[in-house]
Amino acid sequence: MIYPNHGAGSPCGADIGARLSSTIGYERKFNNFLQFTDAKSFSDFAIRTAPPVPRYYPLMKKVNAEGPKVLGSLPRVPGLSPKAFKDAIEKKAGVLVDVRNMLAFGGGHIAGALNIAGTPILSIWAGWLLDSEKPILLVLEEDDDLEKILRLFVRTGYTKFAGYLIGGMKAWQAAGFPLEGIGQMSVHELNERKSSLQIVDVRSPGEWKKGHVPGAHHIFIPELGNRVGELDRKKPTAVYCGSGYRASIATSILKQQGFNELWNVPGSWEAWKKAKLPVDGADGE
């Protein structure tokens with residue numbers, strides 16, 4: 001019996017499976033990396049199928065080699081009233097990050113916010129998308145979530161925070177400050193409307209090759225900021241990923257880039273397949 005150290009979705013290796021346990025015999029028979037009889041063929045395959053390198057890896061490599069800075073405690077984050085938080089945004093005191101779930105964020109958020117929901121994989125996507133030298137302004141689901149969220153940021157080297165919004169979006173709304181929203185589109189509606197939409201798939205290249213929504217345009221989410229020129233800002237746009245988590249990050253990026261007719265697809269590829277809707281690519285052959 002063998003027990004993997006990393007799970008599916010980890011950027012630490014190519015094509016990591018979802019199995020929580022396996023056997024040497026099973027892997028010998030079915031693992032693509034164990035089907036080679038010489039080192040060169042194996043190396044060529046490993047290099048060819050390697051996933052993109054996360055932005056935070058060079059930093060983590062250095063930290064792992066030298067040892068991390070001893071913090072002593074979690075970073076101190078000042079609590080800001082809605083007015084003080086609004087002033088901090090206007091003064092560009094930090095990068096605005098909203099860690100609420102995709103449906104809450106879609107329902108109403110502060111203009112310019114990046115949505116990275118506060119699950120364990122926040123650590124990975126913060127590492128992909130944020131500069132560790134720039135302070136962060138936080139919007140939380142609940143004030144009591146602060147310690148949990150800080151631990152997720154610290155895991156990939158984020159220790160600088162300009163403040164968090166006391167009372168969250170309820171306090172922001174009560175103060176009469178403006179909100180923006182992002183629509184949520186089911187996979188069934190996406191299928192019905194796909195001919196009139198610009199559909200963007202932000203999954204990894206490996207996920208894309210295994211199957212995708214017909215007519216979709218593929219841009220891996222860490223590349224979205226640099227490749228946004230490939231998309232039409234004026235065309236109604238729906239974004240999907242594996243579950244909707246990364247798609248919500250992507251829609252928040254596109255919203256900042258001037259896309260107004262914009263939808264996230266909750267459930268995304270997982271829901272699309274379970275609904276047995278049409279598929280292009282390997283899964284559809």
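## A bridge between β2 and β3

D98 has N115 as its bridge partner in β3, and the strand that pairs with β3 here is β2, residues 95-98, joined to β3 by 2 bridges in a parallel run. Strands pair if DSSP finds at least two bridges between them, and both strands (E, at least two residues) and helices (H or I, at least four) are DSSP runs numbered from the N terminus.

This is a predicted model, in which local features need pLDDT of at least 70 and side-chain atom pairs count only at pLDDT 80 or more, while totals for chains, interfaces and linings use all residues. Residues are numbered from 1 along each chain as its sequence is written, and side-chain values use heavy atoms, with hydrogens and water left out.

## The sheet

The open sheet has 5 strands in the order β1-β5-β4-β2-β3, with parallel pairing. Because β1 (79-80) and β3 (114-115) stand at the edges with a single partner strand each, one side of each is left without a neighbour in the sheet. On the β4 side of β2, 4 bridges join the two parallel strands, and V97 stands opposite L138 of β4.

## Helices on the sheet

Helix α4 (residues 82-90) packs on the sheet, touching β1, β2, β4 (136-139) and β5 (161-165), where contact means heavy atoms within 4.5 Å. Helix α7 (residues 146-154) lies across β2, β4 and β5.

Definitions and conventions: Axes fitted to C-alpha atoms, helices over the stretch in contact; angles between N-to-C directions.
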